[in-house]
Amino acid sequence: MRPSFWLSACVVAGSMVGGPCWAQPSASVHDRPLAATSPEPSLAAERVPLRVALDAAWQRAVVAREAEGQLRRTDAERLASQSLWAAPPSLTLSHRDDRLQSNDGARETELGVALPLWLPGQRDAHQGVSAAASAQAASAEQAARLQLAGELREQAWAWASLAAEVAQAEGQVQSLQRLADDVGRRVRAGELARADALAAQAEHLAAGTALTDARQRLDAARVRWVQLTGLTAAPDLVADAVPEPTAEPSMSSHPELQSATQATELAQRRVELMRHSRRDAPELTIGVRQDHAGSGASSEGSVVVGLRLPFGGDARNRPLESAALAELDVAQTRLQRLRERLESDVALAREAVRAAEVQREAGTTRARLLRERAELIGKSFDVGETPLPDLLRALAAAAEADAALARHTAALGLARARLQQALGLLP
């Protein structure tokens with residue numbers, strides 16, 4: 001029996017979530033059937049779950065700092081709403097005398113403290129605003145994490161898809177190398193023409209070029225992953241594979257929807273605060289006064305109690321009320337549009353999963369048939385019944401089918417990840 005070749009295939013029967021496959025050399029196509037290959041050691045040695053990668057990416061994200069700042073701001077507003085006074089107290093000090101007039105020694109000194117008072121219901125309304133702002137900041141943080149998780153999922157599946165493409169290209173290079181070696185031996189033995197050896201070598205070189213291009217794109221995907229997460233380990237998509245929920249989950253738990261709902265609640269609370277703040281805070285002044293009538297007269301002390309009541313009016317209240325009502329109207333409209341968009345996104349994501357499943361199933365069958373055909377033609381070529389061009393065409397068709405199957409499998413995994421994203425599920 002002449003030495004032969006083995007057509008490597010990067011095929012995953014199920015969901016491609018465990019990483020790329022690695023071509024294993026074989027002595028002959030007759031020794032064993034074509035099957036899925038084992039993971040690449042260099043890529044499978046260290047993997048990180050998406051939930052861990054999300055935490056790492058969150059620590060590097062600018063939006064995380066914004067969310068932390070917003071939470072600190074709401075905490076400060078909550079503490080301010082619990083104060084006894086509507087604003088910080090102020091110290092008042094006044095002094096007058098007749099030095100520039102009669103200069104009889106008359107003088108008057110007053111020292112007091114001005115205490116801003118809450119209007120009726122204003123303090124409770126202010127506490128309601130601070131509580132709603134705190135809840136909105138927390139929900140906005142979750143929505144930002146979900147948005148970052150979507151970017152993370154896209155990058156993870158891009159890496160997995162390109163890694164599978166590289167593994168398939170490496171297997172194809174190995175197969176064509178063995179074929180070229182076999183053809184070269186048969187040319188030297190006088191069984192084949194030199195043109196066949198040149199054709200086999202040309203196919204091997206073309207496969208090598210494709211492998212170099214695939215590796216470059218994989219390196220670019222790896223760099224983007226490191227920039228996003230700061231991690232060099234590959235994403236572990238097996239650990240984060242979540243089955244599609246059988247029951248329709250409640251959209252009320254979606255982080256984006258919760259954030260929009262809390263924003264609407266915050267706008268409503270601000271309208272209520274505006275209605276309890278139709279004038280500036282009144283001020284209660286408590287102090288002491290010392291009067292000196294003139295030279296030779298004794299000083300007299302007294303206690304001063306004053307109340308300052310600012311007036312409200314349309315010139316002051318109408319712009320503030322209009323702004324608060326406009327904010328509420330925008331928040332309610334945004335919430336309604338967001339709910340409609342999320343429902344359509346979920347429907348489209350489910351349809352994309354179904355389409356990807358159909359494509360992956362068809363690709364699996366096609367790859368199996370073309371690999372079997374390539375095996376039969378390879379056996380025929382070994383015994384000299386089939387010319388080399390027919391074998392090269394069969395190998396190319398089988399390799400293209402394997403590559404298409406790897407793409408379909410990655411597309412299915414990405415479609416499922418996008419469905420989880422549309423449902424608002426974090427890794």
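The crossing of α4 and α8 is right-handed in this predicted model. A crossing counts as right-handed if the near helix is turned clockwise from the far one by less than a right angle, and as left-handed if anticlockwise. Helices are DSSP runs (H or I, at least four residues), numbered from the N terminus. The two helices pack at an angle of about 165°, and their axes lie 10 Å apart. Axes are lines fitted to C-alpha atoms, for helices over the stretch in contact, and angles run from 0 to 180 degrees between N-to-C directions. α4 and α8 are therefore roughly antiparallel to each other, a label given to angles over 145 degrees. Their contact holds 17 nonpolar, eight polar and four charged residues. Ala, Val, Leu, Ile, Met, Phe, Trp, Tyr, Cys and Pro count as nonpolar; Asp, Glu, Lys and Arg count as charged; the others, Gly among them, count as polar.

Residues are numbered from 1 along each chain as its sequence is written. As the model is predicted, local features need pLDDT of at least 70 and side-chain atom pairs count only at pLDDT 80 or more, while totals for chains, interfaces and linings use all residues, and side-chain values use heavy atoms, with hydrogens and water left out.

Helix α4 was then examined along its length. Its 67 residues should span 99 Å at 1.5 Å a residue, and its end C-alpha atoms are 98 Å apart, which agrees. The expected span is 1.5 Å times one less than the number of residues. Just after α4, G190 takes a positive phi of about 85°.

α4 also packs against helix α5 (residues 194–229), at an angle of about 160° and with axes 8 Å apart. α4 and α5 are therefore roughly antiparallel to each other. Their crossing is left-handed. The contact of α4 with α5 has 22 nonpolar, seven polar and 10 charged residues.

Helix α7 (residues 314–382) meets α8 in turn. The axes of α7 and α8 come within 7 Å and cross at roughly 160°. α7 and α8 are therefore roughly antiparallel to each other. The crossing of α7 and α8 is left-handed. Their contact divides into 23 nonpolar, six polar and 12 charged residues.

On a 1 Å grid over the protein atoms alone, a cavity is a set of points where a 1.4 Å probe fits but cannot get out; a pocket is an open set with protein on both sides within 12 Å along at least five of seven lines; lining residues have an atom within 4 Å of a point. Grid points are joined across faces, edges and corners, and a volume is the space filled by probe spheres set on the points.

The largest pocket holds about 290 Å³ of space. It is lined by 18 residues, and Q168, Q172, A207, A210 and A399 are the closest to its centre. α4, α5 and α8 each supply at least two residues of this lining. α5 gives the most, with seven residues. By class, the pocket lining has 11 nonpolar, two polar and five charged residues.

The whole structure contains two cavities of 30 Å³ or more. The largest share, three residues, comes from α8. Two of the lining residues are nonpolar, one is polar and two are charged.

Conventions:
Angles under 35 degrees count as roughly parallel, over 145 as roughly antiparallel, 65 to 115 as roughly perpendicular and the rest as oblique.
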